[in-house]
Protein chains: 2
Amino acid sequence: MAYPRFVEIHEEGPREGFQMESRLFPTAEKISLVDALSATGLKKIQVASFVNPQKVPAMADAADIFAGIKKYPNVRHTALWLNKRGILTAINTPGVDVDGKLIIYTTERFCQANNNCSLEEHLETQRQWLETYVANNIPLEAIYVCTAFGCQMDGPVDIPQLLSSIRATLDLCAEMGLGVPAVVLGDTVGWANPDEIKRRVAAVRELTNGARVGLHLHDTRGMGSANFFSALQEGVDLFDGSVGGLGGCPFCGHKDATTAGNVCTEDMVQMCHELGIETGINLELLIEASLMAERIIGRTLTGRTMHSGSIESRRQLALKSKTQTA
Amino acid sequence: MAYPRFVEIHEEGPREGFQMESRLFPTAEKISLVDALSATGLKKIQVASFVNPQKVPAMADAADIFAGIKKYPNVRHTALWLNKRGILTAINTPGVDVDGKLIIYTTERFCQANNNCSLEEHLETQRQWLETYVANNIPLEAIYVCTAFGCQMDGPVDIPQLLSSIRATLDLCAEMGLGVPAVVLGDTVGWANPDEIKRRVAAVRELTNGARVGLHLHDTRGMGSANFFSALQEGVDLFDGSVGGLGGCPFCGHKDATTAGNVCTEDMVQMCHELGIETGINLELLIEASLMAERIIGRTLTGRTMHSGSIESRRQLALKSKTQTA
């Protein structure tokens with residue numbers, strides 16, 4: 001299959017990044033980073049979470065961040081929530097672009113750990129989310145499937161199991177008269193490989209009669225960019241990313257890390273541009289934003305292009321120096 | 001094209017790693033790392049460089065390392081050299097498995113910077129290397145092409161320019177009656193992308209009438225694993241790698257880094273095993289060796305699988321915990 005002509009990347013760095021660090025950061029610094037990202041051409045940026053501030057103190061200032069960031073035309077500043085209360089808070093917080101997303105699960109244990117309910121019971125939660133969106137005129141935008149490639153708690157998730165979870169939600173949406181524009185497969189624990197990307201993208205496209213399929217990839221085992229490339233080969237044009245590779249746990253060291261950062265946004269943009277795929281993103285500005293993130297966080301981030309410079313900038317430097325000495 | 005059934009990875013971590021660091025490491029620690037690597041199933045390990053110890057103090061103990069490491073059947077302990085003197089030193093150093101490699105260049109500036117001569121003059125150097133190998137009964141094993149995907153000094157290197165350099169060397173080898181078993185393309189400055197991998201592998205195969213093509217990849221801009229996967233799709237079965245992603249410049253920060261570490265060996269092995277490609281390498285032992293490298297170097301290495309655990313080990317843990325609670 002041909003590459004997509006244009007790839008859309010949703011930036012999750014600000015939310016992922018600050019949430020995973022052990023210390024708290026000034027609200028003003030978070031606002032600066034979001035503002036820098038908003039100027040790059042990114043069209044959707046996940047700014048913060050509306051979750052229990054007792055449990056996630058890093059996100060206690062979510063409303064202040066939304067109040068402080070600059071609004072850009074065509075840039076949506078979204079948030080993460082994990083329950084109906086979070087959705088309502090997002091709706092009532094000025095500056096939040098509430099995107100109608102539904103988070104679903106493929107395994108009993110992961111669902112239980114995150115929602116304290118079974119997969120079947122979770123369908124009731126999904127119904128509540130959808131009703132809340134409908135009541136607030138928020139169109140359903142995408143279904144996000146956690147542990148779509150396997151689960152650290154429950155083990156392998158085969159394709160029938162994956163499709164079964166998605167099918168239940170599709171049925172619910174159909175019952176409520178809601179179309180499903182996109183299904184995003186999340187490699188929550190970093191078990192995806194390039195072959196599975198192809199298989200699962202094809203299976204989900206078939207199940208949904210051609211809904212847009214997106215990917216939320218983590219670079220847990222150094223396969224992130226291969227998985228991204230494998231998806232491009234299948235024409236996938238929707239990805240989540242994290243500036244500088246923000247996220248993941250910087251303290252997991254040799255422990256049993258279950259998470260690692262999202263695939264790095266600017267590294268994905270770098271690859272797209274070299275492959276002739278448009279992103280609408282200014283790579284040089286994005287690199288500046290990732291270096292800003294690194295200064296704020298105060299440790300070397302895992303992104304590569306941010307430390308090496310874009311290929312195009314190095315190409316131009318080489319050609320310029322050649323002309324000067326010729 | 002189908003994946004190769006078996007992929008051969010040459011480990012360059014010990015040489016790359018210790019050479020790039022700012023401080024010196026005890027010889028005993030270097031020996032420990034090589035011994036750990038030798039037990040993993042790796043068949044070829046580049047242990048040290050025979051270069052001017054005034055210029056590269058980290059390699060002043062090269063002979064001592066070779067004297068101290070354990071010899072394993074079927075494991076070759078090789079070295080790097082950059083001139084004829086280096087080859088002769090390697091030949092005369094006990095414990096070195098001298099592999100007949102020829103390093104060639106694609107651009108005038110990079111050749112000049114590394115050899116103080118033009119590309120045409122460098123053919124004379126190549127002839128001296130080859131004569132030295134012949135005189136010592138060392139079969140020519142591979143041609144290593146630096147800056148095969150572009151050059152930070154001279155800019156883009158198109159395919160005709162790449163082939164022209166290789167062709168000159170092939171002609172020289174033919175003139176001397178030497179066959180060329182393999183050509184390894186080096187992405188020295190990290191400009192390769194998955195499409196260029198496919199194009200250049202095909203072009204070199206055509207030029208050489210089917211010589212084995214290998215790749216020496218760096219993860220300079222986060223495309224390392226995508227480039228590796230793209231090569232697997234073309235059936236490439238020979239790669240250089242670096243345990244833990246060792247190498248690269250840990251001090252380049254935001255400066256104009258021209259180098260970054262090789263693609264991480266255990267991350268390549270992880271991908272191969274998930275894709276059903278054999279490597280002959282015990283991934284768990286390799287992860288232990290990379291953690292040893294990290295302890296020795298004293299900073300967090302860039303490898304991912306080493307910090308997250310292999311997928312297979314996590315799969316087994318999940319299945320075991322499921323059985324226990326069932």
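Student: Which loop of chain B does B:Asn116 lie in?
Tutor: B:Asn116 lies in the loop between helix H5 (108-115) and helix H6 (119-135) of chain B. Helices (H or I, at least four residues) and strands (E, at least two) are DSSP runs, numbered from the N terminus. This is a predicted model, where local features need pLDDT of at least 70 and side-chain atom pairs count only at pLDDT 80 or more, while totals for chains, interfaces and linings use all residues. Residues are numbered from 1 along each chain as its sequence is written, and chains are lettered from A and ligands numbered from 1 in the order in which they are written.

Student: What phi does B:Asn116 have?
Tutor: A positive one, about 55°, although B:Asn116 is not a glycine.

Student: Is B:Asn116 buried or exposed?
Tutor: Exposed, with 9 other C-beta atoms within 10 Å. The cut-offs: buried if 20 or more other C-beta atoms lie within 10 Å of a residue's own, exposed if 12 or fewer, and partly exposed in between, with C-beta atoms placed from the backbone.

Student: And B:Asn209, where does that lie?
Tutor: B:Asn209 lies in the loop between helix H8 (194-207) and strand E7 (212-216) of chain B. B:Asn209 has a positive phi of about 55° too, although it is not a glycine, and it counts as exposed with 8 C-beta neighbours inside 10 Å.

Student: Switching to chain A: how many residues of helix H9 are buried?
Tutor: Nine of the ten residues in H9 (residues 224-233) of chain A are buried, among them A:Phe228, A:Phe229 and A:Leu232. Just after H9(A), A:Gly235 takes a positive phi of about 85°.

Student: Nice. At what angle do H7 and H8 of chain A pack?
Tutor: Helix H7 (residues 159-175) and helix H8 (residues 194-207) of chain A pack at about 35°, with their axes 11 Å apart. Axes are lines fitted to C-alpha atoms, for helices over the stretch in contact, and angles run from 0 to 180 degrees between N-to-C directions.

Student: Which residues make that contact?
Tutor: Including A:Leu162 and A:Ile166 from H7(A), and A:Ala203 and A:Val204 from H8(A). Two residues are in contact if their C-beta atoms, placed from the backbone, lie within 7 Å.

Student: Last one: what share of chain A is buried?
Tutor: Buried residues make up 51% of the 326 residues in chain A. The secondary structure of chain A comes to 13 helices and ten strands.
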